[in-house]
Amino acid sequence: MLTIDTLCTHPIIQAPMAGGATTPELVAAVSNAGGLGSLAAPLLSPLTIIEQAEHIRRLTDKPFAINLFVQARPQVDLAAVDAAKQLLQPVCAELGWETVPTPTRWCEDFEAQLDALITARPAVASFAFDVLHGSQLQRLHDAGILVIGTATNLREAIVWQAMGADAICLQGVEAGGHRGTFIGAQEESTLSLLELLAQCRPHLQVPIIAAGGLMDGKDIARVRAAGAQWVQIGTAFLTTTESGIHPSYKQRLLDAQEDTTRQTRTFSGRLARGLDNRFMQLMAPVAERVPAYPIQNALTGSIRAQAAKDKNTELMSMWSGQGVARTRNISAAGLMAALIRESQA
Ligand SMILES: Cc1cc2nc3c(=O)[nH]c(=O)nc-3n(C[C@H](O)[C@H](O)[C@H](O)COP(=O)(O)O)c2cc1C
């Protein structure tokens, strides 16, 4: 059976990034360049997961990964939803709306997504937000799929290893997008990538994948010297030609001259890092009161869709890591070539 170490020519994973960034073109371009492209599927329906995997296969015969958030079906309390809609009033006022519509659906069904992933049979499946049950992990292994678990602290890394993950992705606090934390408070998993690597390395026998703030080959060389076998890079791929993010969001990333990111739970109900903007500022006073993921994520969906229509980056979620000032306007193949060249220099 393949192991993560023998999978690709270069130990570079293009991070799964939900919300449209990881188009089949991006995933395939990275895999064709000798890395491991990842399709972010947390927000995709089971049918779309299968269709996108087929699309990727039309563009590459190389291995690729599919990623999911491990999540239970949410318990929805309609009174709490009404209260949460009230908290969004300052943003609704900006849009001239009375309130946000109540979503008809809060999230995809994880079990059905996992079935679709197994049907799509990528070489690798990666997971965040929780750990799989043993039987779920066994199903993936029986299908010949390698499993990567995301950890933001030592306890999570040890749990994923004990469950049988083939590699652990350590996500430092610099990382863009959502924290994968599932043991302890998200606000307390604050270790930088190098601190996390130093703490986890003595306890892990499986390959370590380093994620968070890695933007160039020098960064890659640094974390590999600190004990990571692989790297997972997100933000740097957001500004590639093949990335599917909104053009105005892409431009904001390319224009960034310094790190203006911060962590917020106001968009989704889970702590996530992105460029600071008006939405975050308006919602900061009630940040502790918004409902947990996925309720808040679904509730803000209509706002983010309207912001995209209006090209209004101030009300979009512009997830990004702390390395944002070093993004490049480049193709995915160009970025892969640069990362490989720089890390070998
Ligand atoms: C726009 C965006 C969306 C993300 N979505 C996901 C996701 O769907 N699943 C996941 O496991 N991680 C997700 N992440 C986290 C990345 O997988 C990775 O940990 C992070 O991008 C690494 O930090 P960097 O952006 O500084 O390179 C996302 C990150 C970003 C920037």
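Residues are numbered from 1 along each chain as its sequence is written. In this predicted model, local features need pLDDT of at least 70, side-chain atom pairs count only at pLDDT 80 or more, totals for chains, interfaces and linings use all residues, and side-chain values use heavy atoms, with hydrogens and water left out.

Q: How far is an oxygen atom of the ligand from an N or O atom in the side chain of T235?
A: A polar contact is a pair of N or O atoms within 3.5 Å. Backbone atoms also take part: P16 lies 3.1 Å from a ligand oxygen, and G176 has a polar backbone atom 3.3 Å from one. For the T235 side chain, the distance is 2.6 Å.

Q: How much of the ligand's exposed area does the protein bury?
A: Accessible areas come from the Shrake-Rupley method with a 1.4 Å probe. Taken alone, the ligand exposes 600 Å². The protein buries 97% of that.

Q: Which residue in β11 stands opposite G177?
A: Strands pair if DSSP finds at least two bridges between them. An open, antiparallel sheet has the order β7-β11-β10, with β7 (177-178) and β10 (261-264) as edge strands. Two bridges join β7 to β11 (residues 272-275). Opposite G177 stands R273.

Q: What is omega for the peptide bond from Y293 to P294?
A: P294 lies in the loop between α12 (278-283) and α13 (295-299). The bond from Y293 is cis, with omega near 5°.

Q: What is phi of F129?
A: F129 lies in the loop between β4 (124-128) and α6 (134-142). Its phi is positive, in a residue other than glycine. The value is near 85°.

Technical notes: Polar contact = N/O pair within 3.5 Å; in protein donor to acceptor, adjacent residues only side chain to side chain. Helix = DSSP H or I, 4+ residues; strand = E, 2+ residues; numbered from the N terminus.
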